[in-house]
Amino acid sequence: MVPDSEPLDGALPDPAAYLAPGATAYAALTRIAGLRPGETVFVSGGAGGVGSLAGQIARLLGAARVIGSTGSAAKAERMTAELGYDAVVLRGDGPIGARLAEAAPDGIDVVVDNVGGEQLRAAADAARPGARLVLVGTLATQLSAASTGATAPVELDTFRLILGNITLRGLTGVDAATTAEWRERFGAWLRSGSISFPHTRIPGIDRAPLALRELFDGRHVGTVVVEP
């Protein structure tokens with residue numbers, strides 16, 4: 001069977017940019033969370049394919065403060081220098097809840113969660129009244145050797161969620177209209193230099209398994225593109 005294909009329409013200046021998962025980040029922030037100017041945003045897994053664009057998009061949409069999480073100091077430095085983040089919480093550098101409370105002392109309005117687990121619980125605890133949490137990924141369990149990857153259990157204080165009118169919603173796909181809107185805005189932002197597309201190009205389709213392993217190992221920032 002021939003896989004589905006789509007001709008490039010010239011909306012983006014770099015053909016590789018069509019592989020960016022930015023539509024997911026854009027949909028999470030605009031369609032589900034309804035990010036408003038002046039709000040505080042937290043993106044777990046902020047150096048990944050979705051996260052590396054989510055921080056920049058949140059900044060362009062008017063977020064007052066953008067916080068991310070990652071697993072290495074080198075990635076954290078790039079996130080604050082290049083990817084729109086004001087602060088980064090390092091995984092493994094003490095309790096994530098306490099570190100997030102330090103980074104967002106006034107609480108969080110919007111969460112784009114790519115990780116789940118302890119980070120989702122910390123984000124829910126830091127959520128302000130009326131906060132919107134968008135669940136995009138479950139890397140905490142997907143990358144765990146003890147997990148099958150088919151479930152991602154986490155314990156949340158539902159009483160607090162109810163009292164705070166806090167919403168959680170999963171995002172599994174992006175519709176065609178949102179994708180088209182994203183491409184138009186992404187192309188304009190790329191051409192103006194307002195946004196970057198962090199990615200690593202790995203030549204040789206035979207190296208695809210290596211690229212996947214390096215992606216799971218957290219070797220790269222942003223999207224990994226395997227070229228023929």
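1. Basis. The model is predicted: local features need pLDDT of at least 70 and side-chain atom pairs count only at pLDDT 80 or more, while totals for chains, interfaces and linings use all residues. Residues are numbered from 1 along each chain as its sequence is written, and side-chain values use heavy atoms, with hydrogens and water left out.

2. Sheet. An open sheet is formed by six strands in the order β3-β2-β1-β4-β5-β6, with parallel pairing. Strands (E, at least two residues) and helices (H or I, at least four) are DSSP runs numbered from the N terminus; two strands pair if DSSP finds at least two bridges between them. At the edges stand β3 (87-90) and β6, each of which pairs on one side only. From one strand to the next, the twist averages 15°, with axes as lines fitted to C-alpha atoms and angles running from 0 to 180 degrees between N-to-C directions. Four bridges join β5 (residues 127-135) to β6 in the parallel sense; L133 has L168 in β6 as its bridge partner.

3. Aromatic pairs. The structure holds three aromatic pairs, where rings of Phe, Tyr and Trp (its six-membered ring) pair if their centres lie within 6.5 Å, and planes under 30 degrees apart count as stacked, over 60 as edge-to-face and the rest as tilted. The pair of Y26 and W182 is tilted, because the ring centres are 5.6 Å apart and the planes stand at 40°. Y26 belongs to helix α1 (residues 22-32) and W182 to helix α8 (residues 176-192), so this pair ties together parts that are 156 residues apart in sequence.

4. Y26 is buried at a relative accessible area of 0%, and W182 is buried at 3% (buried is under 20%, exposed over 50%, partly exposed in between; 1.4 Å probe, protein chains only). W182 and W189 form an edge-to-face pair, since their ring centres are 6.4 Å apart and their planes at 65°. W189 is likewise buried. Ring pairs link Y26, W182, F186 and W189 into a cluster.

5. Loop residue. N165 lies in the loop between α7 (158-163) and β6 (167-170). Its phi is positive, about 55°, although N165 is not a glycine. Most residues other than glycine have a negative phi. N165 is exposed, with 57% relative accessibility.

6. Helix α9. F216 is found in helix α9 (residues 208-216) and is partly exposed, at 46% relative accessible area.
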